[in-house]
Amino acid sequence: MSTVDWTAWHPQPAEPDAGGLRQRKKRLLRQRLSDTATEMFLERGFDAVRVSEIAQVCGVSEKTVFNYFPTKESLVLDRGETTLASLRAGLADTDHSPVEVALRILFDELRAMTSWIAAQDDPHQAAVTIRRFGALTRSTPSLRAYHQDMTDRLVTVAAEALAQRTHRKPDDPEPQIAATALLGLWSIQFQSLGKNLDGTRTPTQIHEAVTADVGRAAKLIDTGLASLEGAAPTR
């Protein structure tokens with residue numbers, strides 16, 4: 001099976017260099033497992049593919065697959081861990097507003113994706129393939145549930161960071177609604193990609209259109225989030 005390097009636009013958490021060749025082999029196997037699973041899921045549907053089949057194609061045991069990915073869903077939706085780490089670190093930096101932090105993460109993700117599309121032999125077909133990936137996520141109940149669970153975790157992390165920045169408790173209404181609004185920007189980007197990855201736009205046009213959509217949404221919530229940090233907490 002010919003696989004696509006999906007991790008080029010699904011960046012993985014950095015790993016230490018300790019172990020040298022051994023660590024590199026582990027990273028390559030992890031990438032191969034994820035790439036192969038993604039191709040098989042797109043071809044046949046998520047529920048129609050067993051983890052044992054992915055293992056067989058990659059020449060490893062099913063146990064080995066689960067050593068790298070705790071669930072079948074995480075074979076294709078584990079980018080959230082990287083986003084979570086970036087969000088936690090970014091919101092801890094009070095020199096930048098929450099919206100600025102979110103936009104930086106989102107635009108880095110978008111740039112990685114559009115750069116990957118531009119580097120393919122057939123950029124238009126690559127864009128359509130990514131759109132199919134999004135459709136797979138939306139149409140598969142277990143993937144939707146996994147995605148929602150990760151979104152809930154991101155909201156929790158954002159609420160904790162915003163509470164720390166504003167001297168509130170994480171379960172106070174203000175950090176809770178602010179975190180929910182902030183994470184809504186990811187939904188806007190996801191929806192905009194679904195609209196613009198139609199196989200007719202160039203990578204530059206996709207980037208500009210999605211950036212504009214996310215920017216409009218960010219402008220709408222920026223005032224509210226700015227007032228959160230300027231207001232004194234009530235007790």
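**Helices and a ring pair**

Author: F41 and F46 are both buried, where buried means under 20% relative accessible area, exposed over 50% and partly exposed in between, with a 1.4 Å probe and protein chains only. This is a predicted model, in which local features need pLDDT of at least 70, side-chain atom pairs count only at pLDDT 80 or more, and totals for chains, interfaces and linings use all residues. Residues are numbered from 1 along each chain as its sequence is written, and side-chain values use heavy atoms, with hydrogens and water left out.

Reader: Which kind of aromatic pair do F41 and F46 form?

Author: Rings of Phe, Tyr and Trp (its six-membered ring) pair if their centres lie within 6.5 Å; planes under 30 degrees apart are stacked, over 60 edge-to-face, and the rest tilted. By this rule the count comes to one aromatic pair. For F41 and F46 the centres are 4.7 Å apart and the planes 55° apart, and the pair is tilted.

Reader: How many helices does the secondary structure of the chain come to?

Author: Helices (H or I, at least four residues) and strands (E, at least two) are DSSP runs, numbered from the N terminus. The chain has zero strands, and its helices come to nine.

Reader: Why does α1 count as oblique to α2?

Author: Axes are lines fitted to C-alpha atoms, for helices over the stretch in contact, and angles run from 0 to 180 degrees between N-to-C directions. Under 35 degrees is roughly parallel, over 145 roughly antiparallel, 65 to 115 roughly perpendicular, and the rest oblique. Helix α1 (residues 21-44) and helix α2 (residues 51-58) pack at about 125°, with axes 10 Å apart. That angle makes α1, relative to α2, oblique.

Reader: Which residues of α2 meet α1?

Author: Contact means heavy atoms within 4.5 Å. From α1 come R32, L33, T36, A37, M40, F41 and R44, and they meet, in α2, E53, I54, V57 and C58.

Reader: How is α5 oriented to α8?

Author: Helix α5 (residues 98-119) and helix α8 (residues 173-196) pack at an angle of about 25°, with their axes 10 Å apart. That makes α5, relative to α8, roughly parallel.

Reader: Which residues of α8 make the contact with α5?

Author: On the side of α5 the contact is made by P98, V99, A102, I105, L106, E109, L110 and M113. On the side of α8 it is made by L182, L185, W186, Q189 and L193.
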